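Here is a short briefing on a two-chain model. Keep the sequence and the structure open as you read.

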Amino acid sequence: MTQVIVPALSIAGLATALALLILIAERYLMDYGEVELTINDDRKHRVKGGSTLLNTLKSESIFIPSACGGRATCAYCKVKAVRGFGEVLPTEEPLLTKEEITNNIRLSCQLKVKNDVAIEIPEELFSIREFKARVEAISDLTYDIKLFSFRLNEPEFIDFKPGQYIQFQAPEYGDIDESVYRAYSMCNVPEDKRTVELMVRLVPEGICTTYMFQYLSVGDAVTLTGPFGDFYLRKGDRRMICMAGGSGMAPLRSILKAMKPEQIARRRPIFFFGARSKRDLFMVDEWSAFEREHPDFKFVPALSSPEEGDDWNGETGFIPGLVEKYVDNVAEGEGYLCGSPGMLNACVEVLTKHGIPEERIYYDKFE
Amino acid sequence: MDELSPLVIFIASVFTSNILLTNFLGMCSYLSVSRELKTAWGLGIAVSFVLTCTTAVNYWLYYYVLVPQGLEYLQYIAFIVVIAAFVQAVEMIVDRLSDRLYAALGIFLPLITVNCAILGGSLFMIIRKYDFIQSVMFGAGSGIGWALAIMALAGIRRKMSRRSAVIPALEGPGIVLIITGIIALGFIGFSGVVQIN
């Protein structure tokens, strides 16, 4: 009997003693106490030291965009570190440009708050909130794009600029044992502050879209974080050349529908919408009605590969090829694009070829 | 072995009986964390610290706890538990002192736990019947020897990344193992100085 008990007790005793030592070490080594976090020079927060800047800000209800969950891969969580942080970390280096490094731009998911620190973040991040909402309606736009409508409960109202996006949180479900965030642009106008509408295309084997398409139903509770993004209508009088494909219609719908009639008359927006065949086309009637309402707005749907029996007498081919035909003096315009990277690159190429400088082309790339 | 002076053991474990270059222990992190001199230096220091401390603690544990109770056969598990605890402590110290080193070592810091050189150090000390001072000197020497070897390799790899064209088939671990072999041969040159094996 002792042959069993003595060794077992010895090892258990040894492990306990070492565990105690580690706990004591942790108590003294890992305790950074309360530190001061200064944001944009004027906002001061007393926070508990020791965790990452991203999480510390989150606990102070300041939400920095982040898609990878702190694994240093998405590079969305960049902030300007003013003081209190050390050298650039090896995990950050691949994701920062030389210019960003000289400007002290850092990844907030990698930095740890260990002493008094100061950072600078864009003011609009303060308006980012976490919303508890309920699914109000789900409808099919095409065979693989759905329109989701959410009603906000807590907080009740959202302020966003047309064109911005929000992050949808898909909880753990089925075989997926980790909650993920994905970004979708609002397609409704900000006027109705209690509603958020998203157009979502089903991504084959996509974790979030599969959840939204197969598990989500009317009445379900969801969590949204936002608004984020710098894709919105710029001031000025330039003609707006809008180009989108598929669910890329969402931010442009929000931007165009939120414009005032005199603004539309002044900026004469033209909206090229690309789809493969007729079954990928949606909301055509709505845009035709919008066209009738605003004579200076033009909607140009185009099918790249119409199927037999589509009975299509509109434009065919890819939308970059149509710009020249519909827009005179392209160079004076301003580009607003949203869609897949391939489509976007083709659109940017055409617009720059016609003389629009790249800084006047605004886009929202799906990634 | 008792007649060996601790200083001789120390010198020998750094050069002639280098734990990495003669026993090929601790190869895993040696191969993967040797790209940058700075991180190699950091890991070298961490390994030296853990190796020195664990040989001291394990000596005491073996001769004052395990031997009196006739539990020598438990040495592997006991040694590993001590090593794991020390690595935890080192991890906390590095986290506290240097964010850069902490981020650079990443997964390799906890992996010191399974660095064979460290368990090897404790086991050799028992097999070779060292006394306490000899053991600690052997542990420290082995740690420094390991650090020296990884830093030598990191220096060579840095030079190599700048101007050498390595044939594709040998890129990465291939060429590193060849270089390690050559460094090991170079260290044989010291063997006339002292010998402990």
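**Briefing: contacts, sheet and cores**

Beyond four places in sequence, Val200(A) touches Ile145(A), Lys146(A), Phe148(A), Tyr184(A), Thr209(A), Met212(A) and Ser247(A). Contact here means C-beta atoms, placed from the backbone, within 7 Å. The model is predicted: local features need pLDDT of at least 70, side-chain atom pairs count only at pLDDT 80 or more, and totals for chains, interfaces and linings use all residues. Residues are numbered from 1 along each chain as its sequence is written, while chains are lettered from A and ligands numbered from 1 in the order in which they are written.

**Val200(A)**

- Val200(A) sits in strand 10 (residues 195-201) of chain A. Strands (E, at least two residues) and helices (H or I, at least four) are DSSP runs, numbered from the N terminus.
- Val200(A) counts as buried because it has 23 C-beta neighbours inside 10 Å. The cut-offs are 20 or more other C-beta atoms within 10 Å for buried, 12 or fewer for exposed, and partly exposed in between; C-beta atoms are placed from the backbone.
- Ile145(A) is 55 residues away from Val200(A) along the chain, yet their C-alpha atoms are separated by 5.4 Å.

**Nonpolar cores**

- The largest nonpolar core holds 61 residues. Such a core is a set of buried Ala, Val, Leu, Ile, Met, Phe, Trp, Tyr and Cys residues joined through C-beta atoms within 7 Å.
- Leu198(A), Cys242(A), Leu252(A) and Phe272(A) touch the most other members of this core.
- The core lies between domain 2 (128-228) and domain 3 (240-365) of chain A, because both give residues to it. The domain bounds come from an automatic or database domain assignment.
- Cys242(A) contacts Leu252(A), Pro269(A), Ile270(A), Phe271(A), Phe272(A) and Tyr336(A), leaving aside neighbours within four places in sequence.
- A second, separate core has 60 residues, including Tyr62(B), Val90(B), Tyr102(B) and Phe124(B).
- In soluble globular proteins, nonpolar side chains tend to be buried together.

**Five-stranded sheet in chain A**

- Five strands form an open sheet in the order 2-1-5-3-4, with mixed pairing. Two strands pair if DSSP finds at least two bridges between them.
- Strand 2 (43-48) and strand 4 (105-107) of chain A are the edges, each pairing on one side only.
- Strand 1 (residues 34-39) of chain A runs parallel to strand 5 (residues 117-120) of chain A, over three bridges. Strand 3 (residues 78-83) of chain A pairs with strand 5 in the antiparallel sense, also over three bridges.
- Ala118(A) is the bridge partner of Thr38(A) and of Arg83(A). Leu37(A) stands opposite Val117(A).
- Strand 5 of chain A has Val117(A) and Ile119(A) on its covered face, with Ala118(A) and Glu120(A) on the uncovered one.

- Chain B has nine helices and zero strands.
- Of its 197 residues, 43% count as buried.
- Of the contacts in chain B with a separation of 6 or more, 83% join residues 24 or more positions apart.
- The contact between the chains takes 18 residues from chain B and 20 residues from chain A.
- On the side of chain B that touches chain A, helix 4 (75-97) and helix 5 (99-105) of chain B each give two or more residues. Helix 4 of chain B gives the most, with 10 residues.
- That side of chain B has 13 nonpolar, two polar and three charged residues. Ala, Val, Leu, Ile, Met, Phe, Trp, Tyr, Cys and Pro count as nonpolar, Asp, Glu, Lys and Arg as charged, and the others, Gly among them, as polar.

Notes. Two residues are in contact if their C-beta atoms, placed from the backbone, lie within 7 Å.
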